[in-house]
Amino acid sequence: MAQILVYTKTMGYRHKSIEKGVSTLKNLGLTNNFSIVQTEDSLQFNDANLKKYDLVLFLSTTLDVLGPDGEKAFKTYINNGGNYMGIHAASDTEYDWPWYGKLVGAYFTSHPNNPNVREAKMNVVDKKHPATAHLKDSWVRTDEWYNYKLVNTEMQVLIFLDESSYEGGTNGDNHPIAWYHEFDGGRVFYTGGGHTEESYDEPDFQKHLLGGINYCLGR
């Protein structure tokens with residue numbers, strides 16, 4: 001059974017949906033042959049402990065969540081073939097660590113306000129990936145839609161946001177919202193969805209997360 005470490009430490013904004021996200025991931029694991037260990041302890045990021053895990057998943061972490069020793073151990077883990085997945089505010093994390101920015105694929109820069117949660121249309125551009133194989137060409141859902149900076153041009157985009165479908169986008173025609181790549185030794189998947197608790201009850205979003213996990217696990 002695959003072992004996944006879910007990291008939920010926050011040094012900035014804390015999403016109310018974190019606990020719901022963890023319980024959803026645990027439920028997905030029950031029927032998909034993986035188990036979840038949640039931690040907010042940065043000292044768990046050491047060489048001996050990280051070796052136990054097939055995947056490290058950052059679930060709406062914010063700001064500086066790892067010290068220098070933890071950063072070194074995490075980079076070593078990825079370099080040795082470990083895998084990483086980020087959900088939502090995982091991109092609002094570790095701004096002072098450029099390696100992490102390239103790993104996650106982009107940094108959060110802003111989101112619409114008043115309301116911050118709104119309906120938008122996404123264009124699914126790659127359906128060969130397990131995270132998107134179940135989706136139609138366009139996917140309309142309600143969430144908090146991030147704008148990004150320092151986007152890694154070498155990652156493979158799965159889904160673009162259609163900024164004409166909502167107000168507050170700043171990335172223009174090139175607005176990725178879910179992507180994957182192989183980076184520095186490991187597999188990486190990121191999705192910008194997951195701000196709301198309701199997200200984790202959506203069957204399509206659950207399948208999207210599960211597909212990201214399966215990709216990271218090499219399934």
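This is a predicted model: local features need pLDDT of at least 70, side-chain atom pairs count only at pLDDT 80 or more; totals for chains, interfaces and linings use all residues.

Guide: Let us begin with a term: helices and strands are DSSP runs, a strand being a run of E with at least two residues, and they are numbered from the N terminus.

Visitor: What makes T142 part of a strand, and which one?

Guide: T142 falls within residues 138-144, and that run is strand β7.

Visitor: Why is T142 called partly exposed?

Guide: Its relative accessible area is 36%, and since buried means under 20% and exposed means over 50%, T142 falls in between and is therefore partly exposed.

Visitor: Which residues does T142 touch, leaving out those up to four places away in sequence?

Guide: T142 touches V117, R118, E119 and E202.

Visitor: What makes T39 buried or exposed?

Guide: T39, which has its place in strand β2 (residues 34-39), has a relative accessible area of 9%; because the limit for buried is under 20%, T39 counts as buried. Setting aside residues up to four places away in sequence, T39 touches L5, V6, Y7, T8, K9 and Q44.

Visitor: How do you know which residues are best connected in the largest nonpolar core?

Guide: One looks at how many other members each residue touches, and of the 68 residues in this core, F58, F74, Y84 and Y100 touch the most. Helix α5 (residues 203-216) gives the most to this core, with 6 residues. As for F74, its contacts beyond four places in sequence include F58, Y84 and Y100, together with others such as F45, W97 and L103. In soluble globular proteins, nonpolar side chains tend to be buried together.

Visitor: What span is expected of helix α1, and what span does it have?

Guide: Helix α1 takes in residues 18-32, which is 15 residues, and from first C-alpha to last it reaches 21 Å, close to the 21 Å expected at 1.5 Å a residue.

Visitor: Why are the buried residues of α1 said to be on the same side?

Guide: The buried residues are I18, G21, V22, T24, L25, L28 and G29, and because they cover an arc of only 165° around the axis, they lie on the same side of α1. Among the elements that cover these residues are β1 (2-7), β2, β3 (55-59) and α5, whereas the face turned away from the buried side carries the exposed residues L30 and T31. After α1 comes N33, whose phi is positive, near 60°.

Visitor: Why do R14 and E40 count as a salt bridge?

Guide: The rule asks for a side-chain nitrogen of Lys or Arg within 4 Å of a carboxyl oxygen of Asp or Glu, and since the side chains of R14 and E40 meet at 2.6 Å, N to O, they qualify. R14 is in the loop between β1 and α1 and E40 in the loop between β2 and α2 (47-50), so that the pair links parts of the chain 26 residues apart. R14, E19 and E40 are linked in a network of salt bridges, and a search of the whole structure finds 8 salt bridges.

Visitor: What makes K20 and D201 a link between parts of the chain that are 181 residues apart?

Guide: Their closest N and O atoms are 2.7 Å apart, which forms a salt bridge. K20 lies in helix α1 and D201 in the loop between β11 (186-191) and α5, so the pair ties those parts together.

Visitor: How do you know whether the protein agrees with a compact globule?

Guide: For 219 residues a compact globule would have a radius of gyration near 17 Å, and the protein has 16 Å, so the two agree. Buried residues make up 55% of the 219 residues, and among contacts between residues at least 6 apart in sequence, 72% join residues at least 24 apart.

Technical notes. Residues are numbered from 1 along each chain as its sequence is written. Side-chain values use heavy atoms; hydrogens and water are left out. Helices (H or I, at least four residues) and strands (E, at least two) are DSSP runs, numbered from the N terminus. Buried means under 20% relative accessible area, exposed over 50%, partly exposed in between (1.4 Å probe, protein chains only). Contact means heavy atoms within 4.5 Å. A nonpolar core is a set of buried Ala, Val, Leu, Ile, Met, Phe, Trp, Tyr and Cys residues joined through side-chain atoms within 4.5 Å. The expected span of a helix is 1.5 Å times one less than its number of residues. The arc is that of the directions from the helix axis to the C-beta atoms. The radius of gyration is taken over C-alpha atoms; the globule rule is 2.2 Å times the number of residues to the power 0.38.
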